[in-house]
Amino acid sequence: MAQLEQLAAEIRSILVETVSRTGGHLAPSLGVVELTLAMLSVFNPERDKIIWDVGHQSYAYKLLTGRAAQFHTLRQTDGLSGYPYRRESPYDHFGVGHSSTSVSAALGMAKARELAGEAHHVVSVIGDGSLTGGMAYEGLNQAGATAGRFIVILNDNEMSISKNVGALSLFMSRNLSARWIRRVKREVETFLSGIPGIGDDLLEIARRSKHSFKNFFTPGILFEALRFNYIGAVDGHNIEDLQTVLRLAASLDRPVLIHVLTRKGRGYSPAENNPVRFHGVSAFEPETGYQTGAKSSRISYTEAFGKGMCALAEKDSRVVAITAAMPEGTGLRDFAERFPDRFVDVGICEQHAVTFAAGLATQGLRPFVVIYSTFLQRSYDQIIHDVCLQNLPVAFCMDRAGIVGEDGPTHQGAFDLAYMRHIPNMTLFAPRDEAELQLGLATALAHNAPFAIRYPRGLAADVPLPRHLVPLVVGQADYLQKGDSPLAVIAVGNRVLPALRAAEQLYEQEGVRVTVLDARWIKPLPKKELKEIIDTHDKALLLEEGSLAGGFSSAILEFWSDSGDLSGKRILRLGLPDAFVEHGQPEIVRRRLGLDTDSIREEMKKLLREK
Ligand SMILES: Cc1ncc(C[n+]2csc(CCOP(=O)(O)OP(=O)(O)O)c2C)c(N)n1
């Protein structure tokens, strides 16, 4: 036991030292060091399946399952992934990055075990934040009714990225307080004994009940109703206790839920004191926790978005902002403080967020659903069935669209243009800079129908923000440069400014001036400008930071083809390939994909040289 405790301390110092250089999910991983050690001392990952939910807390597991030597490459290009990844290790039993999948995946493995007549253990480890996601309950519901031996570990630190939300979270944290239980007990006793005639008998029955008051008011009743055996709450930093309950759970031939209490950031005081900032952190000074990355004077797209939302909400009382457990990440913290009644954090519930917004919209409100591009994938049917089919004015604000970098394939915002643009009634906009982003928000508010805006991760272009948020004309593109060569470049979103820079460099280097169009609109397409361009140019370079299959350039090809304009033209499309884009520093990822300024310029030269 002393050695395990020493190992826990060593793991913590490696985590802090490494993540201080690479950035990453430090606080979640620090919180489960003892739990990881206990699991790996009771279970055998060669055979037993350990499924981490989200997987951002699996760093200690990586260290202990053969990856210590590569750990310094965490989240770097060609290095270790920040999440469990089946390709990376045979001990990563399920690939993950989005939340609330672990119970379902583990249950599938338990069923496969049954069919194969095998006897290994299957364990899902899910956080209280991830337990707000509906899919977790779908898994628990099936598990309780069907599964044999099956272990779910609830890692409860009362935090999602921010403070956890929702009734279940309130229930769990409340009933862990002995004072609250005593108060309820007193109140119930007073109430029962006050009922004339039968009150004393009821009180006696309550006292004799095989469920003590404490059990009655612990989360046990919820999970017991789902036919799980509930064991809890266990101190998640006591390895010996954890081993005892894990062994007990492993000996039972039925579904068991172990409720483990942990502290996010445990053992590193900057993270314990500020678990929100250290949930996912960029490089920092290990001694102080101070973030080392040069603080830029430029604002990020997310900050420009947050300011734009506050400006809209000030002017229009119908504006409501909805986040799915990411008030900080989506830039809505100020909004939440200034307009608390019109801010809703629904938990990690992207599907519910969209239908909830649809409900608000039916009542005359103007909901803005703010969800990262990758997580909104979950809401595809809700967007179609609950919003677009009824043509409701819900605005979708898709942050982290395009390359996100270090979080890798589970998080790249590759597909939103493709999954949004084919839905009837949808309008789809991608700004080239933070000013257009804010004008896009005003346009969304003025537009009485579904509207989606996609914008990237990272620092914005450093252009002045508009003084007045005047709506744009829907479907009207913006010529940034008109050229006299046969080539036109048509770009959208965050590839517009690199395309313009590439065009300027081309002019400096070769004296050739190409046309550059900021298309702005993916739907409806800027048909007038597209027609002008195809009529006056023989070659076009189409550019987007989204999947080529079904995205922006596909839409343009469809339009030109349908209008019979394509014959004899040379069109080249640059965007994301039909492959999942791996993790790495965004500038390297873009260079490898041929989407940086240099690559764009060289493609222009090649196109111009082609006969
Ligand atoms: C579908 C989805 N939505 C949002 C996120 C972003 N996200 C990553 S971790 C996290 C909070 C998870 O909280 P919890 O499960 O309690 O784990 P903890 O970090 O507290 O250990 C969120 C919202 C995600 N990974 N997946």
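Predicted model: local features only at pLDDT ≥ 70, side-chain atom pairs only at ≥ 80, totals over all residues.
**View 1. The end of helix H1 and the helix itself.** H1 itself covers residues 2-22, 21 residues in total. From its first C-alpha to its last it reaches 30 Å, close to the 30 Å expected at 1.5 Å a residue. Look along H1 for its buried residues: Ile11, Leu15, Val16, Thr18, Val19, Ser20 and Thr22. What do they pack against? The buried residues of H1 meet helix H2 (26-31), helix H3 (33-42) and helix H4 (59-67).

**View 2. The largest nonpolar core.** In soluble globular proteins, nonpolar side chains tend to be buried together. Here the largest nonpolar core takes in 103 residues. Ile322, Ala353, Ala357, Val369, Val489 and Ile490 have the most contacts inside this core. Helix H16 (residues 350-362) supplies the largest share, seven residues. Domain 2 (301-454) and domain 3 (478-609) both contribute residues to this core, so it lies between them. Apart from this core there is another one, of 63 residues, including Leu35, Ile126, Val260 and Tyr268.

**View 3. Close-up on Val489.** Val489 is one of the residues with the most contacts inside the largest nonpolar core. Which residues does Val489 touch, leaving aside its neighbours within four places in sequence? The contacts are Ala499, Ala503, Val514, Thr515, Val516, Leu541, Leu543 and Met604.

**View 4. Where domain 1 meets domain 3.** The chain is split into domain 1 (2-155 + 218-273), domain 2 (301-454) and domain 3 (478-609). Between domain 1 and domain 3, the C-alpha centres lie 45 Å apart. The two do touch: six residues of domain 1 and four residues of domain 3 make up the contact. What classes of residue does domain 1 bring to the side that touches domain 3? That side has four polar and two charged residues, and no nonpolar ones.

Methods:
Residues numbered from 1 in each chain as written. Core = buried A, V, L, I, M, F, W, Y, C linked by C-beta atoms within 7 Å. Buried ≥ 20, exposed ≤ 12 C-beta atoms within 10 Å, placed from the backbone. Helix = DSSP H or I, 4+ residues; strand = E, 2+ residues; numbered from the N terminus. Domains from an automatic or database assignment. Contact = placed C-beta atoms within 7 Å. Expected span 1.5 Å × (residues − 1). Nonpolar A, V, L, I, M, F, W, Y, C, P; charged D, E, K, R; others polar.
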